[in-house]
Amino acid sequence: MLYVYSVYPYGLGVTDDSVNYFSAALSFPPSLQKVDGSPFVEWPPLYPLLLSLFKYTGLSPVLFAFGLHLLSLQLSFWIIGSLIVKDVYSFSIRIWAAILSLFSLPVLLVYAFAWSEAFFTTLVLLIVYQLKIYNKRPSLRTFIIITILSVLLCFQRKSGIVITSAISLYLLSFPHESGHRKRILTAANYFLLSILPFLLYLIARYTSSGRFVTEQNELSLKSVLNNLSETINVVSTWVIPDELPFSIRLSFCLLILFFAITICFFLFRRIRLSPYHCCLLTILAGYLIFTNIIFLFLKLDDHLDDRIFAPVYPVFLLLLSSGADFLYTNRHRFNHYTYPLIIIGSLWLTYPISRTIYHLYKWHTTGVGGYSNKLWKNHAIINWIQQHQPDQRIRTNQIFPVFYYSAITGKNRYTNFDLQDSENKPYLYIGFDSDVPEPGKASLIFKSGNDHIYYIAPEN
């Protein structure tokens with residue numbers, strides 16, 4: 001209900017990536033193409049393939065995407081709840097963890113946007129759920145399910161290789177496997193079977209685009225420090241408000257880490273982690289570390305942000321819930337510190353709740369973000385496109401919002417793959433704060449401020 005409230009009435013957030021996902025979905029079959037008509041090679045193909053199923057439902061692509069994200073979010077919350085019930089023994093901590101799960105802004109964020117991270121997060125949780133079963137009773141059936149889910153994970157996002165690598169490291173030390181040789185074989189088989197289909201896809205993509213990655217980055221000490229600081233900046237907001245200065249948040253996180261180490265090695269002498277918790281810790285740490293390493297060599301269009309790290313936030317949440325349950329069930333060891341710790345934990349819960357409620361209300365009133373927000377939907381040019389639904393070919397200096405409102409939410413399929421060449425046919429030029437493209441041949445149709453729509457006649 002909170003999720004539906006947040007995306008109503010403006011719909012899912014839509015960015016440039018989102019428009020390319022929808023464009024690929026519209027063009028499939030026979031192929032996957034971006035808005036500008038070039039092959040869809042920057043991202044793995046699973047998400048637009050899922051979106052393309054809207055053609056068999058009678059729904060619009062935007063409404064279908066909303067339904068897909070809603071079902072995926074419900075499944076993710078069900079998995080989180082099931083894992084909490086299986087792992088947390090205290091009823092009070094179960095309620096605490098349930099509230100924390102419900103008001104998880106990083107999770108809601110990726111489901112509120114038309115991004116591939118949404119279904120990717122669901123796949124990560126499905127794998128964690130199956131790994132917990134595999135921890136308890138290893139079987140070939142569960143191993144095959146985990147492998148298939150991992151294949152889908154790689155085809156959903158390239159960072160699926162990162163999760164797969166982390167799980168391989170875990171299987172390499174899996175405690176139920178008796179010998180080193182068997183553990184190595186299990187981990188190697190899982191890793192190869194999981195990434196081999198994606199590697200074949202990368203080779204096929206290389207033959208069409210001429211490169212494996214979009215753009216490389218130069219390795220330097222500055223890039224190392226930037227990645228680390230951006231990672232800490234994001235992860236610290238999981239426990240402390242981002243309005244506070246970075247130095248304060250860093251100090252606070254180091255203090256919590258010191259507190260956790262002190263409890264583990266001095267108060268309890270030795271804590272033996274279960275295979276399940278080792279799995280969670282390996283996935284979380286492996287994802288954070290490998291992501292930093294990968295983006296030392298690959299260029300990122302934007303900073304490392306909540307979108308990048310949100311898929312492993314549920315793993316952090318599960319570890320945090322287990323840690324809180326451990327402290328609560330052993331509260332007799334803290335003597336007179338018990339009640340202050342309970343009060344601190346309860347008061348801290350107001351941070352994720354207030355943070356989430358603030359953003360949900362903001363999304364509800366102004367839109368989640370990108371091209372589906374209030375400003376774009378009330379734009380005069382966009383309103384004209386929606387009202388008239390022109391059937392002419394369209395060219396524009398803002399291809400993403402125009403394509404979204406004409407071809408995705410509208411009926412003008414001529415914008416698809418025809419933004420550069422009009423083939424000497426009449427077309428509309430939609431300009432945002434720009435000059436007339438071809439003076440003398442253009443007839444003004446609509447104008448709003450500096451933005452305008454011109455009709456361009458073909459050459460004789």
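Helices here are DSSP runs of H or I with at least four residues, strands are runs of E with at least two, and both are numbered from the N terminus. What we have is a predicted model, where local features need pLDDT of at least 70, side-chain atom pairs count only at pLDDT 80 or more, and totals for chains, interfaces and linings use all residues. Residues are numbered from 1 along each chain as its sequence is written, and side-chain values use heavy atoms, with hydrogens and water left out.

Let's start with the overall picture. The protein has 20 helices and four strands. Of its 460 residues, 48% are buried, meaning under 20% relative accessible area, while exposed is over 50% and partly exposed is in between, with a 1.4 Å probe and protein chains only. Take contacts, that is, heavy atoms within 4.5 Å: among those between residues at least 6 apart in sequence, 71% join residues at least 24 apart.

Now please find helix H13, residues 275–294. How far apart are its end C-alpha atoms? They are 27 Å apart, which agrees with the 28 Å that its 20 residues should span, the expected span being 1.5 Å times one less than the number of residues. Several residues of H13 are buried, among them Tyr 276, Leu 280, Ile 283, Tyr 287 and Asn 292. The buried residues of H13 pack against several helices, including H4 (61–87), H7 (117–136) and H15 (313–329).

Another of those partners is helix H11 (221–236), and Asn 227 lies in H11. Is Asn 227 buried or exposed? Asn 227 counts as buried, because its relative accessibility is 9%. Leaving aside neighbours within four places in sequence, Asn 227 is in contact with Asn 292, Phe 295, Leu 296 and Leu 304.

Next, follow the chain into the loop between H11 and helix H12 (246–267), where you will find Asp 242. Asp 242 is partly exposed, at 39% relative accessible area. Beyond its neighbours within four places in sequence, Asp 242 is in contact with Thr 237, Arg 249 and Tyr 351. Asp 242 and Arg 355 are 113 residues apart in sequence, with 10.0 Å from C-alpha to C-alpha.

Last stop: helix H8, residues 140–156, where Leu 140 is found. Leu 140 is exposed because its relative accessible area is 62%. An α-helix has 3.6 residues a turn, so residues three or four places apart point the same way.
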